[in-house]
Amino acid sequence: MNATADELAGVVDLFGGLTRAELERALSEAAYRADGRSVDDAALSAAITDALDSFALVRYERSDDPSPLLVAGPTAFPSVPDHAEDVPHILGIDRRDLDRKALGESTSERFVEAVDDAIERGDQDRLEELIDVSYDLEAWAPVDLTTERNRLTEALD
């Protein structure tokens with residue numbers, strides 16, 4: 001089973017958020033139910049990294065647990081992969097409530113780091129991508145990214 005960023009977001013969204021290990025278990029269960037096969041660990045790791053880079057997934061640090069949750073991010077269009085709809089019952093994990101304000105703030109901080117990195121590298125494609133992400137992030141969380149968007153625009157000129 002090769003999951004897209006939106007499918008990863010769909011699975012974590014079933015629970016509100018999942019640790020990386022829980023996401024791996026959930027996808028393994030879905031893959032087994034789909035066709036009896038297992039998940040390619042290297043492909044899954046790459047897919048999670050790509051989803052985090054694109055802001056389809058974001059990390060949610062919890063004060064009561066050292067393992068961050070992966071949460072559907074501002075660029076995701078969550079979709080549940082085939083045979084994954086029953087995974088919450090199989091795993092027995094209750095839906096998690098998130099502090100949306102804290103999630104927005106931490107995602108905004110991660111966004112600023114991505115902007116700094118893209119400007120430093122002079123990566124024109126990434127700069128343009130991050131302008132789009134800024135609008136998605138502002139619609140997704142109560143944050144104002146005007147300053148960062150101006151920095152991105154200036155770097156593109």
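**View 1. Helices α5 and α6 pack side by side in this predicted model.** Helix α5 (residues 100-121) and helix α6 pack at an angle of about 170°, and their axes lie 10 Å apart. Axes here are lines fitted to C-alpha atoms, for helices over the stretch in contact, and angles run from 0 to 180 degrees between N-to-C directions. The two helices are therefore roughly antiparallel (angles under 35 degrees count as roughly parallel, over 145 as roughly antiparallel, 65 to 115 as roughly perpendicular and the rest as oblique). From α5, the residues making the contact include Leu103, Thr107, Phe111, Ala114 and Ala118, while α6 brings in, among them, Arg126, Leu130, Val133 and Trp140. Contact means heavy atoms within 4.5 Å. By class, this contact has 11 nonpolar, four polar and four charged residues (Ala, Val, Leu, Ile, Met, Phe, Trp, Tyr, Cys and Pro count as nonpolar, Asp, Glu, Lys and Arg as charged, and the others, Gly among them, as polar).

Some notes for reading all the views: residues are numbered from 1 along each chain as its sequence is written, and this is a predicted model in which local features need pLDDT of at least 70 and side-chain atom pairs count only at pLDDT 80 or more, while totals for chains, interfaces and linings use all residues. Side-chain values use heavy atoms, with hydrogens and water left out. Helices (H or I, at least four residues) and strands (E, at least two) are DSSP runs, numbered from the N terminus.

View 2. Arginine 126 lies in α6 and is buried, with a relative accessible area of 12% (buried means under 20% relative accessible area, exposed over 50%, partly exposed in between, with a 1.4 Å probe and protein chains only). Not counting residues up to four places away in sequence, Arginine 126 touches Asp53, Phe55, Arg110, Ala114, Ala118 and Arg121. One of these, phenylalanine 55, sits in the loop between α3 and β1 (57-62). Phenylalanine 55 counts as buried at 0% relative accessibility, and its phi is near 65°, a positive value in a residue other than glycine.

**View 3. Lysine 101 in helix α5.** Lysine 101 belongs to α5 and is exposed, with a relative accessible area of 55%. Valine 143 is 42 residues away from lysine 101 in sequence, and 8.8 Å away in space, C-alpha to C-alpha.

**View 4. Two nonpolar cores.** The largest nonpolar core has 27 residues, and Leu8, Leu18, Leu23, Leu27 and Leu57 have the most contacts inside it. At least two residues of this core come from each of α1 (5-15), α2, α3 (41-53), β2 (65-72) and α4 (87-91). A second, separate core has 21 residues, including Val58, Leu103, Val133 and Val143. A nonpolar core is a set of buried Ala, Val, Leu, Ile, Met, Phe, Trp, Tyr and Cys residues joined through side-chain atoms within 4.5 Å.

View 5. Leaving aside neighbours within four places in sequence, alanine 84 is in contact with Val11, Leu14 and Ala30. Not counting residues up to four places away in sequence, threonine 19 touches Arg62, Ser67, Pro68, Leu69 and Arg96.
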